[in-house]
Amino acid sequence: MSVTAPLGFRAAGVSAGIGPEGALDVAVVVNDGPSRAAGAVLGSGENQAAPALWTRQVVAGGRVRAAVLNSGCANTGTGHLGFQDAHALAEHTAGRLGDSAAEIALCAAGPVGVRPPLEELRGGVTAAIAELSRSGGLAAADAVRTTDTVAKIAFRRGGGYTLGAMAKGPDPSLSTGLCVLTTDADLTADQCQELLAAAAAATLAPLTGSNDTVLLMASGAGGTAPRPEDFAALLTEVCADLAAQIDADPATMHKRGQNP
């Protein structure tokens, strides 16, 4: 009941040895189509992390085949070498999927100021792709956690289509927040971008962190082109659900000086 709830999506979460020993730390979410429409909202800060910079370029093309997410290393403040690492990871993922690196989105969270362990990341992506399934949504959501005490997932069904989602916090502002939403509705890339921007602004703002990424992927596998206003309402509801889960996490409360 996460990102794999809509038709056309598979996911997996694996341990690549980047985070704490044995913890899941690499997730892959794949859109099997027939459409690959996508939109994204990224942090508005000046010093965006390499994965966010890469994803901004990818989403500008309007198509995303897969999203690769990792915890344990944010790849922030790493300069051009960090961006090269991001490019290399996208190329590796594309090679394993037989696709283009220009359609691989990247998201990362964790310690800043150090380059990612690229070989471990590549190994994690290879393992995750081998395990992709319609039942892999919960493991993928677990793999993106950093200080979150529990995984955040949500889904809703509309008239002939489904929305699924996963997110990590726990900062109430979603600083270093990652959110992936999926739908089998038939949307254009422009619709994905416009509808997501409005929903994120209403529920998840402000997005100012260097790695903040909210990504919407639409497979079109449900065959339904919803009325924009209907989809917007459902999308906002899902985003609000995720925001409430983040706000209720004991780790979030601790950061705010509250008792769980």
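Trainee: Which residue in S9 stands opposite Ala37?
Mentor: Ala218 does. Keep in mind that this is a predicted model.

Trainee: How many bridges join S3 to S9, and do they run parallel or antiparallel?
Mentor: Six bridges, and the two strands run antiparallel. S9 covers residues 213-218.

Trainee: What is the strand order in the sheet?
Mentor: S3-S9-S8-S7-S6. The sheet is open, has five strands and shows mixed pairing.

Trainee: Which strands stand at the edges?
Mentor: S3 (37-42) and S6 (152-157). Each has a single partner strand, so one side of each is left without a neighbour in the sheet.

Trainee: And what does the twist average?
Mentor: 10° from one strand to the next.

Trainee: On to helices. Where does H1 lie?
Mentor: H1, residues 50-60, lies across S3 and S9. It runs at about 145° to S3.

Trainee: What does H5 touch on the sheet?
Mentor: H5 (residues 189-203) touches S3, S8 (178-183) and S9. The direction of H5 makes about 30° with that of S3.

Trainee: Back to H1. Which of its residues are buried?
Mentor: Ala50, Pro51, Ala52, Trp54, Thr55, Val58 and Val59.

Trainee: What do those buried residues pack against?
Mentor: Strands S3, S5 (104-108) and S9, plus helices H2 (79-97) and H5.

Trainee: Last one. Which residue with positive phi follows H1?
Mentor: Gly62, with phi near 80°.

Definitions and conventions. Residues are numbered from 1 along each chain as its sequence is written. This is a predicted model: local features need pLDDT of at least 70, side-chain atom pairs count only at pLDDT 80 or more; totals for chains, interfaces and linings use all residues. Side-chain values use heavy atoms; hydrogens and water are left out. Two strands pair if DSSP finds at least two bridges between them. Helices (H or I, at least four residues) and strands (E, at least two) are DSSP runs, numbered from the N terminus. Axes are lines fitted to C-alpha atoms, for helices over the stretch in contact, and angles run from 0 to 180 degrees between N-to-C directions. Contact means heavy atoms within 4.5 Å. Buried means under 20% relative accessible area, exposed over 50%, partly exposed in between (1.4 Å probe, protein chains only).
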